[in-house]
Structure formats: C-alpha cells, structure tokens
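Dear colleague,

Please find below the structure that I am handing over to you. My notes on what was found in it follow directly after it.

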Amino acid sequence: MRRILIIDDEDDIREVAALSLESVAGWQVYTASSGAEGMRVAAAELPDAILMDVMMPAMDGPTTFREMQKMPNLAGIPVILLTAKVQGVDQRRFAGLGVTAVLFKPFDPLTLAEQMSAALGWS
Amino acid sequence: MPQPFESAKAPKDPDATRKLLATLWERNLPVLRDRFAELEHAVVAARAGTMTQPQRDGAIATAHKLAGSLGMFGYPEGTEFARRIEQHLEATGPVDALRFGEDVAAMQAALSL
C-alpha cells in the first residue's frame, strides 16, 4: 500500500485530498497542517511521496521542500506541489525548484490519485 | 503526532466517494460563508473608498482559497470567479469596486448560496 503525506494548511483541501487518495486509490494517508509539522511527520513516517501546498503561513511549500532537501532521510522522498496559481510565471518558478511535479487546484477528487501516479511514475 | 486520516468507511467506488465529498462540503459550509462575508465586507470598503492594504491582502488570500477549493467540490464556475477576483485585486492600481462586487455576487450565485 502506498503511503502519502499531505501537507496543507486548509482543512477542506486536506480532507478532500485525503478522502480522495484513501477511498479512490486505497492509499494510506498522513496529514499535516503546516510545513514544520509536515517535516516532523515525514521524518517519523517516511512516506512514499508528499503532496504539499505551495502557499502556507510561516513556512511555505517551497521553503519546506528546500529544508527537506537538507535532511538525508527526507531528501529522496518525491514531492508534488499543489497550487491554485495558474499563471505561467508561477508554474515555471515552482517547477524550477526541483520537485517531482506541480499539480493544480482545484483538483478532481476522483482523479487525483491517477494524476499523482502518473507524475510519480507509479503503475 | 497526527494519525493516519480516519475514513474507515471510505469505499472504493465513485458514487460513494461523491457522497462523502458532499458530506465534507456540508461540513465546510460555515467556513465558506465566512469567506464570502469577508469578501462582501471588502466590497463595501472598496465602494466607500476605504479599503486598506491589509484588507485588500486578506481579500486576495480569501479569493485564492476559494479558487482552490470550489472546483474541487464540483463548482468550477465558482473557481473561475474567485480566480478573477484574486487577479483583479492583485493587479496594481485602485480596485474597480463595481467589478469586484459583481464578481463576488456572481460567485455566490454560481453556488446558489
């Protein structure tokens, strides 16, 4: 069973993403509501992949990603950023960070796992 | 330490997933109404010419959140209006209060709230 960590400060996004990945794909899901909490959960659970919001207070997604890259136990975990920013300049900036993929909000709860699988190269 | 998301009853079929999504939508309605109220207050301030920068920044953040969530619950038109509001408020220069108010009203109408 795939194990996924969702990091998003918005309750509704976190809940729907978790529901989607659990009920549609049957994955085990962990959640965190901030970048700092996400790093703690990631270190404890070592998930197969992380789905993380870009815009979060205190420590945003790109900052959290860069901090994870400094930690040997977390640096190898694929990270997918989730953003509601649709303008090209934002997309290029996020893609240039070195994350595995960037997905966009709003996502379709029925196909989120499929999109993630495709981005991660999971069959 | 957070526990794995609890949804032991979550079934692996689309119809049941939609029903659970509808439940989450209902649960999140109070938050949604708060976000609409914040935008309505910002519209009133824009019309009166008293909108402060923090209020404008707050409205941008609220519109951004709505843009990211409404389509997820099956309201893509609501997302489009929220995105328009966000981009309008992010643009430099004074807020077009008429357009801002129309977009907020249209977004609410799209959701039948």
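**The contact between the two chains**

In this predicted model, 25 residues of chain B are in contact with 26 residues of chain A. On the side of chain B that touches chain A, the elements giving two or more residues are H1, H2 and helix H3 (76–90) of chain B. H1(B) supplies the largest share of that side, 7 residues. By type, the residues of this side of chain B divide into 14 nonpolar, 8 polar and 3 charged. For the complex, the predictor gives an ipTM of 0.83 and a pTM of 0.87.

**Chain B**

Chain B contains 4 helices and 0 strands, so that its elements read α-α-α-α from the N terminus on. It has 113 residues, of which 32% count as buried. Of the contacts in chain B between residues at least 6 apart in sequence, 53% join residues at least 24 apart.

Helix H1 of chain B covers residues 14–48, which makes 35 residues. From its first C-alpha to its last it reaches 47 Å, close to the 51 Å expected at 1.5 Å a residue. Where does H1(B) bend? The bend, of about 45°, is at B:Leu29, and a proline, B:Pro30, follows within four residues. Just after the helix, B:Gly49 takes a positive phi of about 75°.

The buried residues of H1(B) are B:Leu20, B:Leu21, B:Leu32, B:Leu39, B:Ala42, B:Val43 and B:Ala46. They pack against helix H1 (11–23) of chain A, and also against helix H2 (53–69) and helix H4 (97–111) of chain B. As a general background, nonpolar side chains in soluble globular proteins tend to be buried together.

H1(A) has 13 residues and reaches 18 Å from its first C-alpha to its last, close to the 18 Å expected at 1.5 Å a residue. Why is H1(A) described as largely enclosed by the rest of the structure? The reason is that 12 of its 13 residues are buried. Among them are the charged residues A:Asp12, A:Arg14, A:Glu15 and A:Glu22, as well as A:Ile13, A:Val16, A:Leu19 and A:Leu21. The cover over the buried residues of H1(A) includes strand E1 (3–7), strand E2 (28–32), strand E3 (49–53) and helix H5 (112–120) of chain A, together with H1 and H2 of chain B.

The largest nonpolar core has 59 residues, and A:Leu5, A:Leu21 and A:Leu51 touch the most other members. Leaving aside neighbours within four places in sequence, A:Leu5 is in contact with A:Tyr30, A:Ala32, A:Gly38, A:Val41, A:Ala42, A:Glu45, A:Pro47 and A:Ile50.

**Backbone features of chain A**

Most residues other than glycine have a negative phi, and most peptide bonds are trans.

- A:Leu46 has a positive phi of about 45° although it is not a glycine. It is placed in the loop between helix H2 (35–45) and E3 of chain A, and it is partly exposed, with 13 other C-beta atoms within 10 Å.
- A:Ala58, also not a glycine, has a positive phi of about 70°. It lies in the loop between E3 and H3 of chain A. Is A:Ala58 buried or exposed? It is exposed, because 10 other C-beta atoms lie within 10 Å, and a count of 12 or fewer is what defines an exposed residue.
- A:Lys105 and A:Pro106 are joined by a cis peptide bond, with omega about 0°. A:Pro106 is in the loop between strand E5 (101–104) and H5 of chain A.

A:Glu67 is partly exposed, with 15 other C-beta atoms within 10 Å. Its C-alpha atom and that of A:Ser33, 34 residues apart along the chain, are separated by 16 Å.

**Confidence**

The mean pLDDT of chain B is 88, and 89% of its residues reach 70 or more. Over residues 1–10 of chain B, pLDDT stays under 50, and the model has 19 contacts beyond four places in sequence for these residues. Where pLDDT is low, the predicted coordinates should not be read in detail.

With kind regards

Methods
Residues numbered from 1 in each chain as written. Chains lettered and ligands numbered in written order. Predicted model: local features only at pLDDT ≥ 70, side-chain atom pairs only at ≥ 80, totals over all residues. Buried ≥ 20, exposed ≤ 12 C-beta atoms within 10 Å, placed from the backbone. Contact = placed C-beta atoms within 7 Å. Expected span 1.5 Å × (residues − 1). Bend = angle between axes of the 7 residues up to and from the residue. Core = buried A, V, L, I, M, F, W, Y, C linked by C-beta atoms within 7 Å. pLDDT = per-residue confidence, 0-100.
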